[in-house]
Amino acid sequence: AKVAGKNCFRFYSRAMNQAVERRVHLEQELRGAWDRGELSLVYQPVFRLVDGAMIGAEALLRWRHPELGFVAPSVFIDVAEQSGLIEVLGPQVLHAACADAVRWQQERDDEHPLFVAVNVSPRQLRSGDLPEVISASLRETGLDAKLLHLELTETAVIGDELHASALLSELRGMGIRVWLDDFGTGFSGLSHLRRVPVDGVKIDRSFVADVLRDPDDLALTTAIIAMAHSLGIMVVAEGVEKEGQYAILRERGCDFAQGYWLGHPVTAEEFLALRV
Ligand code: C2E
Ligand code: CA
Ligand code: CA
Ligand code: CA
């Protein structure tokens, strides 16, 4: 038994070492990925439910490594966040997304300009220079602040609500819209919305996935919409994969939606070609 235990330990520690080594390797590779052109942004369209109009897009980062292939954002964003690399990548993403959004406005002659929504990680929020980073991107690209939306996760604002509130007020004062992402998955819940100044919430796709078969998820989604509206803020549903989900969200008064049924993430050029 002793020997088996030892082998067992050795086995686990080797597996753990491999996991650590993989992360270290990913971090090293990620460090130069932007400059080597391996990182790019794709855009997923966002629609308004009352009339089905496309109103903007969420920017999502993609990493295609020559040997590793596509690395999932959930994996490399986490590596970037843990290693601090996000403080370099974040501003590059912001700048690129603003630049793409400016091109959309120039190339579409549309009276309703499209917004771009950029994900901002907890570490970026805490970094202290976010307002400067953002105003630099806006200034350098010429994007109207009103067309820049930021998506922050619930967990990023929990804990340090005073700091978060002050920062979000400053950003909103610049004209930027702020959304609380993955809403409903944290423990903060709706009471949080009274203290953190946001323009809206994005209902997490785990709720949307089940609105047609799980009465609890439908009740919760309906409650989030009602509560958000009573507080004067808007609601996006993410992960809409079926027409039935779209229909029921619309019926319950949800403001906006995105998901594979409505449109997959596409390159900036493909996004421009969408005439919806
Ligand atoms: P998120 O912000 O919740 O982004 C939505 C995710 O859902 C995206 O995954 C998107 O491709 C996926 N999605 C969209 N529609 C559907 C659908 O109908 N069904 C399903 N099952 N999924 C759908 P993705 O691109 O893999 O990104 C994962 C996460 O990585 C994002 O979650 C976000 O937290 C993070 N992320 C991506 N790009 C960035 C970035 O530029 N900066 C930061 N800080 N985080 C990013
Ligand atoms: Ca998001
Ligand atoms: Ca989300
Ligand atoms: Ca459920």
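**View 1. The surroundings of ligand 1 in the predicted model.** Ligand 1 is surrounded by 20 residues, where a residue is near a molecule if one of its heavy atoms lies within 4 Å of it, and the closest are Gln-44, Arg-62, Arg-205, Glu-241 and Tyr-260. This is a predicted model, in which local features need pLDDT of at least 70, side-chain atom pairs count only at pLDDT 80 or more, and totals for chains, interfaces and linings use all residues. Residues are numbered from 1 along each chain as its sequence is written, chains are lettered from A and ligands numbered from 1 in the order in which they are written, and side-chain values use heavy atoms, with hydrogens and water left out.

**View 2. Polar atoms beside ligand 1.** A polar side-chain atom of Glu-241 lies 2.5 Å from a nitrogen atom of ligand 1, while an N or O atom in the side chain of Arg-205 is 2.7 Å from an oxygen atom of the ligand. For Asp-181, the distance from a side-chain N or O atom to an oxygen atom of ligand 1 is 3.1 Å.

**View 3. Helix 3 against helix 5.** The axes of helix 3 (residues 86-107) and helix 5 (residues 130-141) come within 9 Å and cross at roughly 35°; axes are lines fitted to C-alpha atoms over the stretch in contact, with angles from 0 to 180 degrees between N-to-C directions, and helices are DSSP runs (H or I) of at least four residues, numbered from the N terminus. Residues of helix 3 including Leu-94 and Val-102 meet residues of helix 5, among them Ile-134 and Leu-138, with contact meaning heavy atoms within 4.5 Å.

**View 4. The loop that holds Asp-210.** Asp-210 is found between helix 9 (205-208) and helix 10 (215-230), and the C-alpha atoms of Asp-210 and Val-116, 94 residues apart along the chain, are separated by 28 Å.

Notes
Helix = DSSP H or I, 4+ residues; strand = E, 2+ residues; numbered from the N terminus. Polar contact = N/O pair within 3.5 Å; in protein donor to acceptor, adjacent residues only side chain to side chain.
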